[in-house]
Amino acid sequence: METILVLKIGGNIIDDPAALSAFLSDFAKISGPKVLIHGGGKLATQLSRQLGIEPQMVDGRRITDEATLDIVTMVYGGLINKKIVAQLQAKGCNAIGLTGADAGFIQAHQRRNAAIDYGFVGDIDQVDATFLLQLLEQGITPVLAPLTHNGAGQLLNTNADSVASQTAVALARSRKVTFFYCFEKKGLLQDVNDDHSCVAQVKLADIERLKADGIVSGGMLPKVDNIAGALQQGVEKVILCHAQDVLSIIGGNSNFGTRFSV
């Protein structure tokens, strides 16, 4: 099998119907095996408030009590996931929507933290890529929602970046994988206020220096740490970019995105 492309999109695309439709049109045009992982966007927060449940966040992480778990399951695994799948079908991409509980392919444990009770938030233990590979070999494109399970019947709300990177790592154990990490910027920027200051290439060995120089800081830190972890665990290449630039990058245009490699 040729190189598998794993693409992760976040809330900035999910929350913008026009941007999502444009991205899915591009995604459908990508030939070969591919996997899409999506985040949750703002819909879960909006629905929580409509139901009289005030969302609780700590450092950008959602506290997931029982009522909130029901909401994120409905929104992430249902509404968002199935809308994406339906749009992809209309664009000629034979997609299937999944959570980590489906075929038991992502198992996690409930996060334990002495200082903060995150509730039903999961940290991933293992990803079984066999099921995904079987789908890809049949020409079916998996679309993964950020929900996992603990093997004992409990669903868990799980960080979409973690789902994406650990899925890429699991697939990389038997196939070449390129991981596209799509977010609201053009890539890693030398100057956060200048969209044209994108760093073209980053080696794994450069990351600590970039942190020390302040180029990797704030909200970029967890993203780059996730990228470094994927490279260290066998992913061949990670490309940090804006979702609208994916097709150009796949087509060989080196003016877009930041390419991370070992």
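Which residues line the second largest pocket? In this predicted model, the lining is made up of Ile 14, Asp 15, Pro 17, Leu 20, Lys 42, Leu 43, Gln 46, Leu 79, Ile 80, Lys 83, Ile 84 and Gln 87, and the pocket that they surround has a volume of about 200 Å³. The elements that contribute two or more residues to this lining are H2, H3 and H4, and of these H4 gives the most, with 5 residues. By class, the lining of the second largest pocket divides into 7 nonpolar, 2 polar and 3 charged residues.

On the H2 side the contact is formed by Leu 20, Ser 21, Leu 24, Phe 27 and Ala 28, which meet Ile 84, Gln 87 and Leu 88 in H4. The residues of this contact of H2 with H4 comprise 6 nonpolar and 2 polar residues, with no charged residue among them.

Helix H3, formed by residues 43-50, packs on H4 at an angle of about 130 degrees, with the two axes 9 Å apart, an arrangement that makes H3 oblique to H4. The crossing of H3 with H4 is right-handed. Here Leu 43, Ala 44, Leu 47 and Ser 48 in H3 meet Ile 71, Val 72, Val 75, Tyr 76, Leu 79 and Ile 80 in H4, and the residues of the contact divide into 9 nonpolar and 1 polar, again with no charged residue.

Leu 20, Ile 84 and Gln 87, which take part in the contact of H2 with H4, are among the lining residues of the second largest pocket. Likewise, Leu 43, Leu 79 and Ile 80 belong to the contact of H3 with H4 and are also included in that lining.

Ala 129, Leu 132 and Leu 133 in H5 meet Thr 167, Ala 170 and Leu 171 in H6, so that, when sorted by class, the contact of H5 with H6 holds 5 nonpolar residues, 1 polar residue and no charged residues.

Definitions and conventions
Residues are numbered from 1 along each chain as its sequence is written. This is a predicted model: local features need pLDDT of at least 70, side-chain atom pairs count only at pLDDT 80 or more; totals for chains, interfaces and linings use all residues. Side-chain values use heavy atoms; hydrogens and water are left out. Contact means heavy atoms within 4.5 Å. Helices (H or I, at least four residues) and strands (E, at least two) are DSSP runs, numbered from the N terminus. Ala, Val, Leu, Ile, Met, Phe, Trp, Tyr, Cys and Pro count as nonpolar, Asp, Glu, Lys and Arg as charged, and the others, Gly among them, as polar. Axes are lines fitted to C-alpha atoms, for helices over the stretch in contact, and angles run from 0 to 180 degrees between N-to-C directions. Angles under 35 degrees count as roughly parallel, over 145 as roughly antiparallel, 65 to 115 as roughly perpendicular and the rest as oblique. A crossing is left-handed if the near helix is turned anticlockwise from the far one by less than a right angle, and right-handed if clockwise. On a 1 Å grid over the protein atoms alone, a cavity is a set of points where a 1.4 Å probe fits but cannot get out, and a pocket is an open set with protein on both sides within 12 Å along at least five of seven lines; lining residues have an atom within 4 Å of a point. Grid points are joined across faces, edges and corners, and a volume is the space filled by probe spheres set on the points.
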